[in-house]
Amino acid sequence: QVQLVESGGGLVQAGGSLRLSCAASGRPFSNYPMGWFRQAPGKEREFVAAITWSGSNTDYADSVKGRFTISRDNANNMVYLQMNDLKPEDTAAYYCARQKGLYGSLWDRVREVRFYDAWGQGTQVTVSS
């Protein structure tokens with residue numbers, strides 16, 4: 001079973017930037033799409049971004065498109081989320097997750113929480129206005 005550990009969260013002013021990291025250990029993750037989700041208090045967990053196993057394709061929620069960039073380094077078992085022009089509504093706990101679809105067989109489901117089988121513990125991002 002893969003283990004995922006997020007880092008890089010913190011407090012930032014609106015308009016600022018943060019880079020989240022996700023370190024994977026255990027079973028290889030390089031053959032699976034990876035995603036970032038977020039959850040604010042009292043709200044459901046929502047999709048933020050995803051990347052194919054090779055890094056050749058990405059998908060973003062409309063709310064972050066043009067501001068966030070997902071990337072991965074399979075050689076070092078890392079996934080990243082670069083977040084620019086942060087807004088107060090981006091405040092949430094951010095989670096890294098591995099999708100079930102080997103080699104992208106479930107890429108059309110990449111925005112759905114139920115198709116992910118491994119999750120990190122989350123890292124808090126707080127954006128002040």
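1. A word on terms to start: buried means under 20% relative accessible area, exposed means over 50%, and partly exposed is in between (1.4 Å probe, protein chains only). By that scale Glu112, at 26% relative accessibility, counts as partly exposed.

2. Please keep in mind that this is a predicted model, where local features need pLDDT of at least 70, side-chain atom pairs count only at pLDDT 80 or more, and totals for chains, interfaces and linings use all residues. Residues are numbered from 1 along each chain as its sequence is written, and side-chain values use heavy atoms, with hydrogens and water left out.

3. Let's look at strand β11, residues 123-128. Strands here are DSSP runs (E, at least two residues), numbered from the N terminus. In a regular strand the side chains alternate between the two faces of the sheet. In β11, Thr123, Val125 and Val127 make up the covered face, while Gln124, Thr126 and Ser128 lie on the uncovered one.

4. Which strands pair with β11? Two strands pair if DSSP finds at least two bridges between them. Strand β2 (residues 10-13) runs parallel to β11 and is joined to it by four bridges; Val125 is the bridge partner of Gly10. Strand β9 (residues 92-99) runs antiparallel to β11, with three bridges between them, and here Gln124 is the bridge partner of Ala93.

5. Now to the charges. Side chains of opposite charge can pair when their charged atoms come close. A salt bridge is a side-chain nitrogen of Lys or Arg within 4 Å of a carboxyl oxygen of Asp or Glu, and the structure holds nine of them.

6. One of these salt bridges joins the side chains of Asp59 and Arg111 (2.7 Å, N to O). This pair links distant parts of the chain: Asp59 is in strand β6 (residues 58-60), and Arg111 is in the loop between β9 and β10 (116-119), 52 residues apart. Asp59 counts as buried because its relative accessibility is 19%, whereas Arg111 is partly exposed at 42%.

7. Another salt bridge brings together the side chains of Glu112 and Arg114 (3.3 Å, N to O). Arg114 is exposed, as its relative accessible area is 56%.

8. Within it, the side chains of Glu46 and Arg38 meet at 2.6 Å, N to O. Is Arg38 buried or exposed? Arg38 counts as buried, because its relative accessibility is 5%, while Glu46 is partly exposed at 36%.
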